[in-house]
Amino acid sequence: MNPHVGNEYTFPVTIAAAPKRVAVVGGGAAGMRAAIDLTDRGHHVTVFSAGPLGGGLRRAGEVLEDPNFQELSAHLQHEVGRRAVDVKQVTAGPEELEGYDSVFLASGLAPRPFTGRVADDAVPVVVADDLTPETLAGLEGPVVVVGAGLIGVRLGMLLTDRGVATTVLERGGRIMSDDDVIYDQLFFPEIVAESGVDIRQGHDVSAVTAEGVRAVVDGVETTVPAATVILAVGHEPDVPEWAASTRVPDVVIGGARKRGRAFDAIHDAFYSALTH
Ligand SMILES: Cc1cc2nc3c(=O)[nH]c(=O)nc-3n(C[C@H](O)[C@H](O)[C@H](O)COP(=O)(O)OP(=O)(O)OC[C@H]3O[C@@H](n4cnc5c(N)ncnc54)[C@H](O)[C@@H]3O)c2cc1C
């Protein structure tokens with residue numbers, strides 16, 4: 001996922017006419033890629049990262065045990081580390097961004113809120129993004145995952161593989177339809193079928209109760225038993241309030257601009273940095 005490959009002549013890295021002091025808010029895939037290419041162009045870059053570098057890429061690598069994500073995150077961290085990029089592990093707001101010539105917003109994606117009801121005595125509910133390898137390993141089954149997007153399906157496959165009884169419920173009639181990525185639609189259904197994960201489409205989840213998950217199927221209410229519920233109902237760009245009101249960033253990249261995959265975030269950052 002190196003955006004330079006094949007683009008060496010189409011998008012050469014040129015030194016910027018006027019080097020700037022650039023703040024990059026967010027140290028995920030997009031933030032790291034932008035920092036690398038902006039630095040190579042001669043800009044002086046500071047990355048503000050609320051947590052350790054890596055963002056969603058690192059979390060996905062850990063939780064889904066995905067070596068591709070782990071390696072990609074480690075590679076980008078290495079490339080940032082070997083350049084004169086100033087990395088500050090702080091949550092940036094208007095105060096931190098004073099004095100920069102330019103601000104790149106790479107604050108990523110936030111989980112979409114669950115619109116159903118969660119009863120007071122409901123079984124434990126966890127948002128997919130909040131999972132850690134430890135909490136995932138300690139989940140009590142049966143597990144119901146709400147949402148059969150990429151993350152819901154992958155969590156369902158992982159838990160099934162570990163012997164935890166898992167059902168993934170999807171409101172629509174298609175899995176992983178969220179981003180409509182063609183290769184997902186071509187290859188994933190076969191991999192998912194082979195994994196044996198129980199995915200039920202046409203289940204519009206309305207509530208989490210003490211018994212599990214309540215869903216409406218063909219107009220009829222049904223309960224799917226669960227000891228734990230994972231919410232994986234999608235993401236939306238996570239744009240901090242100040243970015244819309246106080247200091248408008250010059251450039252918005254990655255998930256903060258448009259919901260998408262790691263590939264999209266990296267390429268978005270690359271093209272934005274090359275033209276800045
Ligand atoms: C569990 C999970 C599984 C995934 N699976 C896949 C997959 O299989 N395939 C795929 O292509 N993509 C997958 N993704 C999505 C992929 O990780 C995202 O597309 C990509 O991480 C977006 O990159 P980004 O840099 O825009 O945002 P992020 O990676 O979200 O990084 C943004 C960072 O900015 C930080 N931040 C926010 N506000 C501030 C602030 N004010 N100051 C400082 N820091 C701030 C956040 O804490 C975060 O670390 C997955 C994501 C998750 C969470």
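Helices here are DSSP runs of at least four residues, numbered from the N terminus. The model is predicted.

**View 1. Strand E8 and its side chains.** Strand E8 spans residues 143-146. Val143 and Val145 point one way. Val144 and Val146 point the other way. All four valines are buried.

**View 2. From strand E8 to strand E9.** Strand E9 covers residues 166-169. E8 and E9 run parallel, joined by 4 bridges. Val146 has Leu169 of E9 as its bridge partner. Between the two strands the chain passes through helix H5, residues 150-161. This β-α-β crossover is right-handed.

**View 3. Strand E8 beside strand E14.** E8 also pairs with strand E14, residues 228-231. Here too the strands run parallel, and 4 bridges join them.

**View 4. Residues around the ligand.** The ligand is surrounded by 38 residues. The closest are Gly28, Gly55, Gly56, Gly108 and Gly254. By type, the shell holds 20 nonpolar, 14 polar and 4 charged residues.

View 5. Helices H1 (29-40), H2 (55-63), H5 and H8 (262-274) each supply at least two residues of the shell around the ligand. H2 gives the most, with 6 residues. Domain 1 (21-110 + 236-274) and domain 2 (113-233) each provide at least three residues of the shell.

Terms used:
Residues numbered from 1 in each chain as written. Predicted model: local features only at pLDDT ≥ 70, side-chain atom pairs only at ≥ 80, totals over all residues. Buried ≥ 20, exposed ≤ 12 C-beta atoms within 10 Å, placed from the backbone. Pairing = 2+ DSSP bridges. Right-handed = clockwise from strand over helix to strand, strands pointing away. Near = placed C-beta within 6 Å. Nonpolar A, V, L, I, M, F, W, Y, C, P; charged D, E, K, R; others polar. Domains from an automatic or database assignment.
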